[in-house]
Amino acid sequence: MRQQIVAGNWKMNNDLAQTESLLADLKSKTQTSNAEVMVAPTFTNLYHANQALKNSKIEVIAQNMHFAANGAYTGEISASMLKSVGVKTVILGHSERREYFNETDEILAKKVDAALANDLRIIFCFGEVLADRKSGNHENVVGTQIKNALFHLEAAAFKNIVLAYEPVWAIGTGETASPEQAQDMHAFIRKTLSNKYGADVANSVSILYGGSVKPNNAQEIFGKPDVDGGLIGGAALNADDFFAIVNAF
Ligand SMILES: O=C(CO)COP(=O)(O)O
């Protein structure tokens, strides 16, 4: 059975005090599902978060990284820096990185290589904008995003890759893809992987859905056969809501 995962992407929210407070709330919750649970605070709070969650099963992950090992990249953070504060997993390719920071498939392919070379696990995000969905071009867009950033990899690399389908039109809008839309796309993603790498790889990769997942819709979305969990934005900022989603399996 594929690993179920619920990851909270805190985005640019929570200063140190707010981070400590949310972590304390999260630690007090009881998990009843078998999902792997992760939270992604901002860079400045990764070290503290890792210390605070040392004796918990919640993993602290990063929201982004640069592809270079080090050097003249003012304001950037490398894979080895993340590892040095105990991070083992990094989110790459989030639509906000693509849209506001001009991250192209080509840049993302380099980030993927750098993360894997540093033994970091990747949650790789992609998804179509509303115009693509409306024109029926969504599968083509998603397939291209996956191929451009990942299909230079060997099959073995997918042991360290989790995929996250996040339709841009459903992020922070309160509008979710319907469970059927999510299932259809996840099945398409698995077929795309299978065509290139074979069924074993395709059936072992966890594919998360992200975009306005809330306590009241998580169960139905996670109930779909090709949906292995969620990447949660807004609802991850509240411990009760986040754990309601974690326990929705
Ligand atoms: O972008 C997301 C997670 O990475 C989803 O955000 P929301 O859950 O706020 O829609």
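The UniProt annotation "active site", from an unreviewed entry, covers H94 and E166. These two residues are spread over 73 residues of sequence but cluster in space, with a largest C-alpha distance of 8.2 Å. UniProt positions follow the numbering used here, feature names are shortened, and annotations may be inferred rather than shown by experiment. Residues are numbered from 1 along each chain as its sequence is written. The model is predicted: local features need pLDDT of at least 70, side-chain atom pairs count only at pLDDT 80 or more, and totals for chains, interfaces and linings use all residues.

The protein chain has a mean pLDDT (the predictor's confidence in each residue, from 0 to 100) of 97, and 100% of its residues reach 70 or more. The complex receives an ipTM of 0.99 and a pTM of 0.98 from the predictor.

H94 sits in the loop between β4 (89-92) and α4 (95-100). Helices (H or I, at least four residues) and strands (E, at least two) are DSSP runs, numbered from the N terminus. H94 counts as buried because it has 27 C-beta neighbours inside 10 Å. A residue is buried if 20 or more other C-beta atoms lie within 10 Å of its own, exposed if 12 or fewer, and partly exposed in between, with C-beta atoms placed from the backbone. E166 lies in the loop between β6 and α8. E166 has 26 such neighbours inside 10 Å and so is also buried. Leaving aside residues up to four places away in sequence, E166 touches S95, C125, G127, I171, G210, G211 and L231. Contact requires C-beta atoms, placed from the backbone, within 7 Å.

How values were computed:
Two residues are in contact if their C-beta atoms, placed from the backbone, lie within 7 Å.
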